[in-house]
Amino acid sequence: MSDLVSWDDRPDRSAQDRSKLVGTSQSRGVLVTGASRGVGAATARAFAEQGDRVALHCRGAVDKASEVLAELPGEGHVVVAGDLGDAA
């Protein structure tokens, strides 16, 4: 069981707020860091399976991230490479 709390489960979100995302035809855009493998790849898959558009971030493993991208259901996903630790 995960300790993560989804938008839907947060007690500070009203039903009106949730209805803007849940059960609508609009998908969210989600940035998943470390998406070329492991937990990041699994997270990207989970969001895509829910109908969200996913930006898969990797620092340099573009080939691996592209493999994950090819397996995602839906459309509008993209791979973004860059070092997020570098302020430049």
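Analyst: Start with pairing: two strands pair if DSSP finds at least two bridges between them. Helices (H or I, at least four residues) and strands (E, at least two) are DSSP runs, numbered from the N terminus. Here β1 pairs with β2 in the parallel sense, over four bridges. G29 stands opposite R53 in β2. This is a predicted model: local features need pLDDT of at least 70, side-chain atom pairs count only at pLDDT 80 or more, and totals for chains, interfaces and linings use all residues. Residues are numbered from 1 along each chain as its sequence is written, and side-chain values use heavy atoms, with hydrogens and water left out.

User: Which strand pairs with β2 in the parallel sense over four bridges, at residues 78-81?

Analyst: That is β3. H57 stands opposite V80 in β3.

User: Which residues of α2 are buried?

Analyst: Buried means under 20% relative accessible area, exposed over 50%, partly exposed in between (1.4 Å probe, protein chains only). An α-helix has 3.6 residues a turn, so residues three or four places apart point the same way. In α2, the buried residues are G40, A41, A44 and A48. They cover an arc of only 100 degrees around the axis (taken from the directions from the helix axis to the C-beta atoms), which puts them on the same side of α2. Exposed G38, V39 and E49 sit on the face turned away from the buried side.

User: How many residues of β2 are buried?

Analyst: Five of its six, so β2 is mostly covered.
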